[in-house]
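Me: Please take a close look at the pockets, with cut-offs. A plain account is enough.

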Amino acid sequence: MSQVSSSSSLASQSQFNQDLLNFIQTSPTAFHAAQAIAKELAAAGFTELRESDEWDLLPGKRYYLKRNESSVIAFVYGKKDLLSTGIRMLGAHTDSPCLKVKPQPELNRKGYLQLGVEVYGGALLAPWFDRDLSLAGRVTYKTSDNKIASSLLDFKTPVASVPSLAIHLDREVNNARTINPQRDIIPVLLQLAPEQTLAPNFKSILLAQLKLENPELDATHVLDYEISLYDTQAPGLIGLQQDFIASARLDNLLSCFVGLRALLQADVEVSSLLICTDHEEVGSTSCCGAKGPMLQQFLERLIPDTETRIRIIERSLLISADNAHGVHPNFSDRHDENHGPLLNRGPVVKINANQRYATTSETSGFFHWLCEQNEVPVQVFVARTDMGCGSTIGPIVSSEVGVKTIDVGVPTFAMHSIREMAGVADAYYLYRVAIAFYQYPLFLSFS
Ligand SMILES: [Zn+2]
């Protein structure tokens, strides 16, 4: 690579990373992520479909749809016959582990308003202490003409914290710390006035915030909500040479963003699809999760004839993109000695003999070939044989729809922490491969 093209590619990578960080910043919840994805798609000329409407899909056009406001499918309907091209699919998830506010959350203890929370997904709890937290999510309310409506809400400013207990009051904390999720991680929101005995009602707080964010909003009272806490520290580049990205929700908004930006580059000759689903961190079983019927129903409406649909799915491929574990320099024995992916050394193909990842030698071979063609380095992960292994939407979608699948992702540290780390080069590497994938001209035949 010449000096000029190398520096221009570095500039593109840096712009891409900046856009990625902005995307994560505006997406504190799965609802906001789906909204941000939909906004970019609409701005790029994709037409929104409503699942309750009748559809008349036309080759050469681009579409998207949302379900539950937290999952999105975007589709480029190629001009070429689907039987001659198949569909290139890329999947990721919009949700991340977090603390979710309980339905009747108000606690008034020692004159502090606190909120009861549930743990959503496999959160690493220790990093939630002593952070400047905010609240965001979806609120469902009644309007003045007795209708039910929902809006997204984001307090944006730090409105809560979970203070640690001082080491003086727990001398053993550095040797034997456990975290009880019912007792230890209840955030503090405000201090009541000395004469105040009644803690403010959380739904009233939400109603006031809704009206603050949108003074025109017609809401008489809040019926219910799905609100979670998030860290207000902005995502950023860190390290002496800025080798790393530090941010919440890199798992898996990074892959959603990579898929989105790659799909925006896809031409309309061949058919390409992006699916970003909610509820992966809790098993994907929901109306809008990968284990639900969202993708299958979309494909049935796109290709109503069963035999034709099966033939097209057989000629298609899904890249399931979800972050991988980079080998941690302090804990390198947690990886198999031959399979420890490094940050900034390219996307990782994830393999598991017990089908926790859906990768096969054919799909992996294709991905390796695609990386080779585009001069992108590629790494391989397999868990230690004496340790369990995570999973992704890959095996779920693959078994629901029957599409050949490969599990890949960028290597990260601190997965499921409130602040995760990735390499500055890897998201852009994966993006370049995803662009090439969406432009691959033929159906995927391995025979
Ligand atoms: Zn994930």
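**The pockets and their linings**

Reply: Around the second largest pocket there are 19 lining residues, and Phe129, Pro163, Ser164, Leu165 and Asp184 lie nearest its centre. (On a 1 Å grid over the protein atoms alone, a pocket is an open set of points where a 1.4 Å probe fits, with protein on both sides within 12 Å along at least five of seven lines; lining residues have an atom within 4 Å of a point.) This is a predicted model, in which local features need pLDDT of at least 70 and side-chain atom pairs pLDDT 80 or more, while totals for chains, interfaces and linings use all residues. Numbering runs from 1 along each chain as its sequence is written, and side-chain values use heavy atoms, without hydrogens and water.

The volume of the second largest pocket is about 430 Å³ (the space filled by probe spheres set on the points, which are joined across faces, edges and corners). Its lining comprises eleven nonpolar, three polar and five charged residues (nonpolar: Ala, Val, Leu, Ile, Met, Phe, Trp, Tyr, Cys, Pro; charged: Asp, Glu, Lys, Arg; polar: the others, Gly among them).

The largest pocket holds about 880 Å³ of space. Of its 33 lining residues, His325, His335, Thr412, Ala414 and Met415 are the closest to its centre. Strands S15 (324-325) and S19 (411-413) each contribute at least two residues to the lining of the largest pocket (strands are DSSP runs of E, at least two residues, numbered from the N terminus). By class, twelve residues in the lining of the largest pocket are nonpolar, 14 polar and seven charged.

How values were computed: Helices (H or I, at least four residues) and strands (E, at least two) are DSSP runs, numbered from the N terminus.
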